[in-house]
Amino acid sequence: MKFKISAILTCAAMALASGTLLTSCEDYLDKNPDSTVDPEAAFKDFTNFQGYIEEIYNCVPNKNVHYWTATWNLGDDEWTVPNANWHMLHQVDLGDFWKWQDGSLGQNGFWFDKSSVDPRNTNTDAHALYGHAWYCIRKCNLGLENMDKLTGNDEERRFIKGQLHFWRAWWHFEMMQFLGGLPYIDRTIPAGESPTEPRLSFQEAAEKCAADFRIAADLLPINWDETETGRKTLGHNDFRLNKIMALGYLGKSLLWAGSPLMENGPQTGASQTGMTYKYNADFCTRAGKAFGELLTLVESGQTQYALAQFEYKNIYDHEKDPSATTCYSDIWWSFRNQGKVPGSTESIFRAGNLTWGNGGPNSFIRYNYSRTFCPNTISGGCDLIVHHPTANYVENYGMANGLPLDDPDANWDKTHPFKDRDPRFYHDIIFDGFKFINGAAPDEKKYCQLYTGGLYRDVTSASSTGYLMHKLVPHTCNETDNTDTYGDNPNADIPYMRLADIYLMYAEAVAAAGGPGSKSDNFTRTAWQAVDVIRNRCGAGLVHDKFKGNRERFLDEVRRERAVELAFEGLRFNDLQRWLLLTEPKYTLKTSHEFTRVEDIDFFKNNDPAEARVADFRSEPLFQRAFTTKHYWFPLKKADTQMYEGFEQNPGW
């Protein structure tokens, strides 16, 4: 990005004064044109003030839609073909974290930074976190300092103020996850003045985020549609900030503050020293209480949120059971639904932007997103880019009985490695013998050859690991079945936060503070019971008694559960980071599974591929990341660290 923080922090005020501040509120609210030129008019009533805030909504990055293909999984979870080596994932593998900054990659495939910070751009791939964050923080402070100009009723004032407090905290927190503690800007900085706010520790900055999120939770409604103010835009309030979003981020900011990295500082060897289990009990207790408040509202039926159902007539095709009213797959993918942004009843916080591109709405979804998970020789995919799971990550998917693969009681058989696995394995992962093409195709293409040397194991255009993924996009988005045509109005979204994540963060927070059998004082479920809610939903085995009596073993199981339930949603890197596991050899090694197919093609035509036998099943290394303690944080921009004393570079960079 070519702008310094100081320039971005003053641009909102200058734009407002000069009459160039246009908002994206036209789809939601009628706005007085004078509010674009007159600061007094911009804040004078709810309609105009809400129009001012709508621009912030437009700035939220849709992290799965950038350039022609995108990078959002940066942990041990994913591998790509060599043609994608310009992606941020490959640069992270190499340890070159400088590449997060715009222009460093030579492409615009990473959602964190862009050269443009124009909030008016309706092309979703133009929105990035870093530049927009400072701009939107400025807008929040300007709005809060002009609340006295708002002439409206008490409800309107509460909703405006609550949104401003939420957004100020959200933009700070999202940057902090990658960059560490930052200056917390809670005032408008006059044009021409450089900020002098000191850089805070993560825990200090998180306290300020938590204070803003708490205010927002107390001011915002659960559901705008059920309020007098919200009825003005009835049916168009799905993405509006609410109490549940604020409580979710309140808990998340406190849990992150209490996590091992923030409590103990960057270090290696945390698995051996036990530091990976050393949390701040006070932060975790407070986090558990915030999540408990949220989950009590959900489970008492006071919200619009619920876990989506995991009921399938055909799980391999993501075909919902006719008796189900909601569908797990609909959290991430939608088609033949007028381009509606997916999310089902479970997504809490989403970007919500239309995925505009040169071809119109959803043009980035067709090919550029939906076909980057499939072999290009099969799918007619995009720019020869294929994202696929690492074998080491797939090993997190345990058995149907709920036990991890390496547990002596799991009964995992390497001659039948795909049999009796956690039901989410079959929903998320494409494995050998899987019927990839439903339409007319030769057998060798129709049934995935993911064994060593098979057609689908081409390093340059398919899988290096022995697996593909179809959690986020159905496998039928291929050139034969073609279920992602423009006419079908495909749309995709990876939520920033969903309800299953809340249950698992609650389980982690209360267990870290008090053990597996503990709970917050405002929610009825213990830590292990919260995990069971998620496993019950998909039909996986519940938490075994052997994990209920040991805090460290239970935390290991919660972490594995997060790896499975939240797989490929862009959360893994930050999880490994905050657990002090990012530098641990187990999590820096990326592997493949090599094996020989035993069954013939007739077996796969007539039987479930999960029942197939294999021979010589083994794990082989692909790449080992060489991380040191400096890799726990991205480096800050050099120009920003040179603005004033106190805004120091992250250690090691």
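**Close-up views of a predicted model**

**View 1. A network of salt bridges links twelve named residues: Glu346, Asp422, Arg424, Lys471, Arg498, Arg535, Arg537, Glu557, Arg560, Glu561, Glu565 and Glu569.** A salt bridge here is a side-chain nitrogen of Lys or Arg within 4 Å of a carboxyl oxygen of Asp or Glu. The structure holds 47 salt bridges. This is a predicted model, in which local features need pLDDT of at least 70 and side-chain atom pairs count only at pLDDT 80 or more, while totals for chains, interfaces and linings use all residues. Residues are numbered from 1 along each chain as its sequence is written, and side-chain values use heavy atoms, with hydrogens and water left out.

View 2. Helices are DSSP runs (H or I, at least four residues), numbered from the N terminus, as are strands (E, at least two). Aspartate 154 is exposed, because its relative accessibility is 53%, whereas arginine 158 has 29% and so counts as partly exposed. For these words, buried means under 20% relative accessible area, exposed over 50%, and partly exposed in between (1.4 Å probe, protein chains only).

**View 3. Aspartate 282 and arginine 286 pair up in helix α11.** The salt bridge between their side chains spans 3.7 Å, N to O.

**View 4. Aspartate 616 joins arginine 618 in a salt bridge.** The closest N and O atoms are 3.0 Å apart. Aspartate 616 is exposed because its relative accessible area is 53%, while arginine 618, with 30%, is partly exposed.

**View 5. Helices α5 and α6 cross in a left-handed manner.** The axes of α5 (residues 129-144) and α6 come within 9 Å and cross at roughly 150°. Axes are lines fitted to C-alpha atoms, for helices over the stretch in contact, with angles from 0 to 180 degrees between N-to-C directions. The two helices are therefore roughly antiparallel (over 145 degrees; under 35 is roughly parallel, 65 to 115 roughly perpendicular and the rest oblique). Left-handed means that the near helix is turned anticlockwise from the far one by less than a right angle. Among the residues making the contact are Trp134 and Ile137 of α5, and Trp167 and Trp171 of α6. Contact means heavy atoms within 4.5 Å. The residues of this contact divide into 14 nonpolar, five polar and four charged (Ala, Val, Leu, Ile, Met, Phe, Trp, Tyr, Cys and Pro count as nonpolar, Asp, Glu, Lys and Arg as charged, and the others, Gly among them, as polar).

**View 6. Glutamine 101 sits in the loop between α4 (88-93) and α5.** With 14% relative accessibility, glutamine 101 counts as buried. Apart from neighbours within four places in sequence, glutamine 101 is in contact with Asp113, Pro635, Leu636 and Lys637.

**View 7. Phenylalanine 202 is a buried residue of helix α7.** The helix covers residues 202-219, and the relative accessible area of phenylalanine 202 is 7%. Residues up to four places away in sequence aside, phenylalanine 202 touches Phe173, Met176, Gln177, Gly180, Gly181, Trp256, Ala257, Met262 and Trp633. The C-alpha atoms of phenylalanine 202 and tryptophan 256 are separated by 8.8 Å, although the two are 54 residues apart along the chain.
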